[in-house]
Amino acid sequence: MPEGSFERERQEVGELFLKIENPKGNEVLSFDEHMMIPYERDELLKLYWEFHPRFRFLKSCPDGNFLDIGSGSGGLIFWKEWEHPLRSQLKMYAVDLADGEFTNRYEAFKKINLDEADISYEDALFDCVYCAHVVEHLKYPSKLIRNIAKIIKGGGMVYIEQPNHNSVNVPGRFDFQKAGVQCAQITTNFFDDQTHRQPYSADEIIELFHQYADGMFTIVEKGTVWNEYLKNMMLAYAYREQDTEIWTYAVWLHYLWSDYVVLRKKEHCV
């Protein structure tokens, strides 16, 4: 945003806008902290997820065996029965470095360090593979790609999501805290998380599949996670209510923080 344009806008609305300078660039984060928000917290979160490509993938992928790589708490399991269409026919499996609170609800869970070991499910077992915010932690993303190509069936669908290069230039959580946003407690700048190694654009993920999956996959969809309608409402709500979860999601939307890719394995590939 040009320097002068923000000041003119601020003069018109008085002091309704919280202004946060970005020490990593010239962009300013601003929003009307007193704006009317026609949604309660649960409704905001529901809208955020309903239009998110992660949710769309789970609700749109084929029935069958579904692998959640980097399952964390295991909370994804609840999306099967949350909102329509219900996906009771999905048999969900999981992989991560450690057990999560809900991973015992999956068909099976395996502790695996993806840089050191192969994903030890049988070949061509899965109809769907979901991998959100994992690849940026890996020293050897090529190993992950080769494993996905091995364990997914011909015609199977893959969802990959990760921080893109925008995430490197976002104010960190401590920058926001210095500006008075005490709810900024989770990763906003890519390097807030010290286990992060490298951000990737959607095109860079596609290139990894070209290099390490031997032409087995076609691209169904790619893009950046965004929601212009919700982002300012979520910023204002989170700031007023000091809501860490909603603040994080809103910052990610504002800065177009994550890219995603949906791929399909070619039918004849085994």
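The legends below accompany close-up views of one predicted protein model.

In this predicted model, local features need pLDDT of at least 70 and side-chain atom pairs count only at pLDDT 80 or more, while totals for chains, interfaces and linings use all residues. Residues are numbered from 1 along each chain as its sequence is written, and side-chain values use heavy atoms, with hydrogens and water left out.

**View 1. Confidence along the chain.** The mean pLDDT, which is the predictor's confidence in each residue from 0 to 100, is 90 for the protein chain, and 89% of its residues reach 70 or more. Over residues 1-16 the pLDDT is below 50, and this stretch has 12 contacts beyond near neighbours in sequence (a contact means heavy atoms within 4.5 Å).

View 2. Helices (H or I, at least four residues) and strands (E, at least two) are DSSP runs, numbered from the N terminus. Helix 3 (residues 53-60) is largely enclosed by the rest of the structure, because six of its eight residues are buried, that is, under 20% relative accessible area with a 1.4 Å probe and protein chains only. These buried residues are Pro-53, Arg-54, Phe-55, Phe-57, Leu-58 and Lys-59, and they pack against helix 2 (41-50) and several strands, including strand 3 (65-69) and strand 9 (258-265).

**View 3. The largest pocket.** On a 1 Å grid over the protein atoms alone, a pocket is an open set of points with protein on both sides within 12 Å along at least five of seven lines, whereas a cavity is a set where a 1.4 Å probe fits but cannot get out; lining residues have an atom within 4 Å of a point. The largest pocket holds about 1100 Å³ of space, a volume being the space filled by probe spheres set on the points, which are joined across faces, edges and corners. Of its 39 lining residues, Arg-54, Gly-70, Gly-72, Ala-132 and His-133 lie nearest the centre.

**View 4. The largest cavity.** Three cavities of 30 Å³ or more occur in the structure, and the largest has about 50 Å³ of space. Among the residues lining the largest cavity are Tyr-48, Arg-54, Glu-161 and Trp-252, and helix 8 (residues 244-254) gives the most to this lining, with three residues.

**View 5. The second largest cavity.** About 40 Å³ of space lies in the second largest cavity, whose lining includes Ile-206, Phe-209, Met-216 and Leu-263. Helix 6 gives the most to the lining of this cavity, with three residues.

How values were computed
Buried < 20%, exposed > 50% of the residue type's maximum accessible area, 1.4 Å probe, protein only.
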